[in-house]
Structure formats: structure tokens, C-alpha cells
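Here is a short note for a colleague who is opening this structure for the first time. Please read the points in order.

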Amino acid sequence: MEHTTLAHHLLLAGLLFALGLAGVLVRRNLLVVYMCLELMLAAATLALVAFSRFNRTMDGAVLVFFVITVAAAEVAVGLALIVALYRRRGTVSSERLDVLRP
Amino acid sequence: MTSLIADLDLAFKALSPRGSDWIAILPELGVAGLSLFALLQAMVVPERLRWLIPATARAGLVLIAVMALAPEAAWRQLPETQLFGGLIRHNLPMDGVRMVFLASALLTSLMAGRFLTARGAGLADYHHVLLAVTASFMLLVQSDHFVPFFVSLEAAAVGLYVLVGYLRRSEASLEAGVKFLVAGGLSSAFLLMGMVLVYGTLGGPGGGDSLAFPVIAKALAAGKGTALTLAGVAMIMGGAAFKLGAFPFHSWIPDVYQGAPTPTTAYLATASKAAGALSLLLLVTGPFAPLAAKVAPALAGLALLTLLAGNLAALATSDIKRALALSGVSHAGFLLAAVTVAVARPEATAFNYSAENVVVLYLLAYVIGTFLTLHSLAGVPAAEDHRRPLISLRGLIRRSPSLTAGLCFGIGSLAGVPPSVGFVTKLLVLVLLVQAGLWWVLAAALIGVAVSIHYYFGILREAVVRPGEDREETAPLETGTVSRFIIGALSLGTLVAGAVMLAR
């Protein structure tokens, strides 16, 4: 652990964030898109903990708890919506979301 | 070790909320209490007394609005007063800000009653979530620290996902909900990453709590910001601009507004947009104020593009809800223009109103105009709520003069026809732009007004001038007494409110 620096943590967080963003933009399955969104939040949380540890300020570590709580609430509502949509339409592919158009 | 614990104990005592802190947010606590009360009633109130649930919510909102305006009250704090150990501070003109949110919630509730009952959806849950979101928005705009800012923003967003996808049997509503969910989730992720970068790059041993707005402002003024900090600031402002629906973050707006139940559309257009504009104003005049030289040109560019993009896209639309959604984007441009002036020339005033006050007044006028228009529109029957083509309004003047009058006053105010309140507030923004010398934004605003006349009056032409064809329905429409009263009161509001604003 002596050899890991703040830069390592930030690099990993940045990679995870980019991976999540790429997934949101590229994937068509809504569940996978949603998992990628959660990955982006987790990446931000990792950066937060790393900064908190290396800056020696506790505030970031406290914010992490709020982020986790908020993410849980978001998942509960989000999955409910996706399941309701699946029941109506029989698909969770974002390409088939075409009721609303100009 | 014992001394450390004693220090911690002291720190906790210094930060723990005092009684006066709770009183300062009493209106917000009241709205949150009403929200819980709606849920409680849903459990105990028998079926035939169900009308009590929206009725208590509305009465409560009116009471809280009266209470919030009471002179010399303890919940109207000066911006100098720190509350909750620096988590909350009344930086914005709270009277007007609270009115914007309370009025939006009240008018949404009045619209939702008939609308949801006709579609067999429950009113209690809707009111519970609506009031919880309103309380969150009201706390959001008083945050002075990123923790309450993030938590109230996200609490509101999660509630809004529910409100958009509320009609579980409607594919359009669910589709709009899922689209809003993905777009909103993406913006929150960027917002959080931005907050983390700002926190991390400005903090350090002895640097203080770099999630607190005053600490951030101090660190930025001392030149501690790096490129990573600027990236974080940009991400945070992008997240707020998404809420506001500013270019280039407006692509979710037409679909979500069209698919959402019409009362939710009205709430999204007013309260959610207000939260976006006010939180952006809060950030750029508070923690990011030392970056004004960099932030102001970016905001001016965004305002210019938002004004043009919203108006031009609305021209090419034939669905009324979509056209109103895109016209909302152009109103976001006006709001952004006023926010830009607040950063670029804080001392600029229009008719003795500062740029901050103009933002709030513009939002109040926008609330009146939007609810009047959408309330009148919701009175026109449609087979599907998400399909309201322009021709469905044809011959409306012979079917229902009161709805047509409401539509005329509402759209007149949104378009900015004198002497409506919409005209007065647009004028205030234009005067501010002249004072700040933002000529390009001024030009875009004027072009926007000219273009908007075309599509706004396209809607009115269908309703008033075009004769109903023989296959169109010509039967008169039934409009309830309450509905007529609301339309009358809001129409009067568009005429009187502008004069009141100028007289003060």
C-alpha cells in the first residue's frame, strides 16, 4: 500500500467513470445502461474517498454515506420504472422506446 | 486520546443545530410535514372522504405561503446569518423564491385533481411525492454547502422520476419516466464528479471544509484552483444547466415533457426549471464568484445558444406540448441571460431590481403564464395525453370561450405581449443586458422574441381564427367552476402582476 498515491486512485476512478459513460452511450439494454450509471456514481465515490484520505479532511468521507443512500433510492425508483415498462412493452431495449417522437 | 474526544465533543456542540436554525426553515418543514400527512391520510381516510387529501395539501400550501411572507418573521434570515453550522444560508431573495415553489406546487395540485381522477390514478401518492419534491427544492436553493445541495437535488430528482412515470398504464408516461431517469442519472453522475474534483483539489490539511461554499470561494480567490478544479466547476455547472434545460443539455426536454402527465409537465416546466436557474445563480454568485472572468463568457455563450436553439426547434413542431417544452428552453435562455448579468455586472439594475431579483420575478411570471396555458390545454379532451396536435384546438373558441380566453392570456404572457407580466419581466432582462453591454445575447433575445411570436400565435390562430371543419366536434365543452375560477384568477394575474412589479 505504500506505493499507491493519490494519482493512482484518481486514475482508476477516471477509468471507471469513462467506462460507465461509454456504457451509457453505447449499450442499448436499459438495465445495462442503468448499471453503467451506477458505475459512474461509484467511480465518483472512489475519488471522493481517495481525496478525503490523502487530503486528511473527513468531510468527503461523510458525503460518501449520503451518496450511497441517494444511489440506493435512485435504484429503487429506477428499477421500478424499468420493470413497469417491461411489463407494458415486453422489452427493455432503448431502441424500442419510440412512442414519443416529434 | 481523551483530549481528542473532548475536542470532537466541542466541535459537535459548535455545529449542532440551535432552535433558531429550525425556525429559519419552518416553511420547508411545513411542506415536508404536509407531504407526510398526505401519506398518513391515505392510510386512515375512508374512500368517500378521499377529497380531503388534496384539500388539506392545498390549504396547507396557502397557509405556508401566507406564513412565509409574514413581516419580521424568523424564517426570513439575512444572508449574513449562518444556519446549521454553515450548511444553510439565505443567499437568495427567499420571499420570491419560496413563492415560486409554493405557487407551482399549489397550481400543480389543482391541475392534478381532475386529471388523475379521470385516469384512475391515486391522488394521495401524487401529493406525497409532489410536496416532498417541493420541500427539497426549497432547501436546495438555501444550501451553502455541497452536502445539502447534493442531497436535496437528488431527493427532488428521484421524486420527479416518480411523478413523470406516474401513469403506470400509459406507455408514454413510462417511456418519458425512463428517458428522464437515464438523462437525470447521467447529469447527477457528472455533478457528483465535479463536486469531488472541486473538493479534492481545493482541500488540504488546514484548508477547512472544502465542500462549504465560502471555503471554496476563498480558496478560488487565493488562486488555489488547478485545471482539474476548472473541469470540476464545468461539470457542476453542466449538471445545473441540465436541470434548467439549457443548450446543449436540453435534448431530454421535448420527449419527457410530452410523455409526462400534463400536471407533471407543468411542474417540471416551472419548479424544476426554477430550481435549475436558482441553483446556477447560487453557484456562480457564491462559491464560483472568484472565477467570474471565466464563468461569465461561458454563461453568455450558453444563453445565446439556448435562446436560438429553443426558439428555432419550437418553430418546427406541430405538437402543442412539445412546442411549449421547446419554448421553455428559450425561457431558460432568458433566465441564463439574467444569471450572466448577475456574474458579469453584479451592480447592474433594471427599474431598481438587481439581476438576482429579476431572475426571481421572471420565474414568477413564467409560473403564471405556464400554468394558465397548460391548465387551459388540459381542459381540452384528448384521446391520449401525449398527443395534442395543433389541429385538436381548431374551433375551440366556439366550444369553450373560457378555455380560449385562458389560452390567449397564458400564451400572450409567455410570448411577452404588453401589458402582460411576461412582457414586463422580458423587458427587465433586456434592460439588464443593455446595462451589462452583452450585445450578442441581446440580439439573440430579440430574435428569439420575434420568432416565438410566430409559433405562439400559430397555436392561438388554430383556437380562435380557424373555423371548425364539419368532422370536428362542435359540442360545447364542460368546464368546471373551480377550473374557470383558476383560469380567471391567473388571467387577472398576467394583467396585474406586471404593473405591481413596476410600481414597487
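1. Start with E175(B). Its relative accessibility is 0%, so E175(B) counts as buried. Buried means under 20% relative accessible area, exposed means over 50%, and partly exposed lies in between (1.4 Å probe, protein chains only). The model is a predicted one: local features need pLDDT of at least 70, side-chain atom pairs count only at pLDDT 80 or more, and totals for chains, interfaces and linings use all residues. Residues are numbered from 1 along each chain as its sequence is written, chains are lettered from A and ligands numbered from 1 in the order in which they are written, and side-chain values use heavy atoms, with hydrogens and water left out.

2. What does the side chain of E175(B) meet in a salt bridge? The partner is R89(A), at 3.3 Å from N to O. A salt bridge here is a side-chain nitrogen of Lys or Arg within 4 Å of a carboxyl oxygen of Asp or Glu. Helices (H or I, at least four residues) and strands (E, at least two) are DSSP runs, numbered from the N terminus.

3. E171(B) also forms a salt bridge with R89(A), with the closest N and O atoms 3.5 Å apart. That pair too runs between chains, from α8 of chain B to α3 (residues 59–89) of chain A. E171(B) has 28% relative accessibility, so it counts as partly exposed.

4. K179(B) bridges to E175(B), the closest N and O atoms being 3.0 Å apart. The two are separated by about one helical turn because they lie 4 residues apart in helix α8 of chain B. K179(B) is partly exposed, at a relative accessible area of 22%.

5. These pairs belong to a network. Salt bridges link R89(A), E171(B), E175(B), K179(B), D255(B) and R322(B). Over all chains the count is 8 salt bridges.

6. Now the interface. Chain B and chain A bury about 3800 Å² between them, 78% of it on carbon and sulfur atoms. E171(B), E175(B) and Y199(B) supply 16% of the area that chain B buries against chain A, more than any other three residues. Buried area is the accessible area (1.4 Å probe) that two parts lose on being put together, summed over both.

7. How many residues does each chain give to the contact? Chain B gives 46 and chain A gives 38. Contact means heavy atoms within 4.5 Å. Across this interface there are 2 salt bridges. On the chain B side, α7, α8 (171–202) and α11 (253–259) each supply at least two residues. α8(B) gives the most to that side, with 23 residues. By class, the chain B side has 24 nonpolar, 12 polar and 10 charged residues. Ala, Val, Leu, Ile, Met, Phe, Trp, Tyr, Cys and Pro count as nonpolar, Asp, Glu, Lys and Arg as charged, and the others, Gly among them, as polar.

8. Look also at S152(B), in helix α7 (residues 146–164) of chain B. S152(B) is buried, because its relative accessibility is 8%. Leaving aside neighbours within four places in sequence, S152(B) is in contact with S136(B), L139(B), L140(B) and S143(B).
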